[in-house]
Amino acid sequence: MSGTMVVGSLMLYTRIPSITKHYMSELKLELTKVVTDMVPAKIDDVMPELPKTTGPAVDLPKSPF
């Protein structure tokens, strides 16, 4: 029984980094999806409407020379 516990603990200890990497990569993918879905809606809410018409041309400053 002690040998089984030692082997089980050793296997779990050696697999912790790969398990952590797996869950971190899944978390990153999920967060990327959520942020990607949120960003276009937020940008549309903040952006002002583009003008339909434009004004007259701006004169260039006169050169002193």
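Trainee: Is Ile19 buried, partly exposed or exposed, and what is its relative accessible area?

Mentor: This is a predicted model, and Ile19 has its place in helix H1. Buried means under 20% relative accessible area and exposed means over 50%, with partly exposed in between. Ile19 therefore counts as partly exposed, with a relative accessible area of 37%.

Trainee: Which class of accessibility does Tyr13 fall into?

Mentor: Tyr13 is found in helix H1, which covers residues 2-46. The cut-off for exposed is over 50%. Tyr13 has 63% relative accessibility, so its class is exposed.

Trainee: What accessible area do Leu12, Tyr13, Ile16, Ile19 and Tyr23 have together?

Mentor: These residues, Leu12, Tyr13, Ile16, Ile19 and Tyr23, form a nonpolar patch on the surface. Residues of such a patch must have over 30% relative accessible area, and Ile19 has 37%. The accessible area of the patch as a whole is about 570 Å².

Trainee: How does Ser9 count in terms of accessibility, and how far is Ser9 from Thr36 in space?

Mentor: Ser9 lies in helix H1. Its relative accessibility is 49%, so Ser9 counts as partly exposed. Ser9 and Thr36 are 27 residues apart in sequence, and their C-alpha to C-alpha distance in space is 40 Å.

Trainee: What is the radius of gyration of the protein?

Mentor: The protein has one helix and zero strands. The globule rule gives 11 Å for 65 residues, and the protein is well over this value, so it is more spread out than a compact globule. Its C-alpha trace spans about 95 × 35 × 10 Å along the principal axes. The radius of gyration is 30 Å.

Trainee: What percentage of the residues of the protein count as buried?

Mentor: The protein exposes about 6,900 Å², and carbon and sulfur atoms supply 70% of that area. A residue must be under 20% relative accessible area to count as buried. Of the 65 residues, the share that counts as buried is 0%.

Trainee: How far apart in space are Ile19 and Ser63?

Mentor: In sequence, Ile19 and Ser63 are 44 residues apart. In space, C-alpha to C-alpha, the distance between Ile19 and Ser63 is 70 Å.

Terms used
Residues are numbered from 1 along each chain as its sequence is written. This is a predicted model: local features need pLDDT of at least 70, side-chain atom pairs count only at pLDDT 80 or more; totals for chains, interfaces and linings use all residues. Side-chain values use heavy atoms; hydrogens and water are left out. Patches are made of residues with over 30% relative accessible area and no salt bridge: like charges are joined within 9 Å, nonpolar side chains (Val, Leu, Ile, Met, Phe, Trp, Tyr) within 5 Å. Accessible areas come from the Shrake-Rupley method with a 1.4 Å probe; for residues, only the protein chains shown count as cover. A salt bridge is a side-chain nitrogen of Lys or Arg within 4 Å of a carboxyl oxygen of Asp or Glu. Helices (H or I, at least four residues) and strands (E, at least two) are DSSP runs, numbered from the N terminus. Buried means under 20% relative accessible area, exposed over 50%, partly exposed in between (1.4 Å probe, protein chains only). The radius of gyration is taken over C-alpha atoms; the globule rule is 2.2 Å times the number of residues to the power 0.38.
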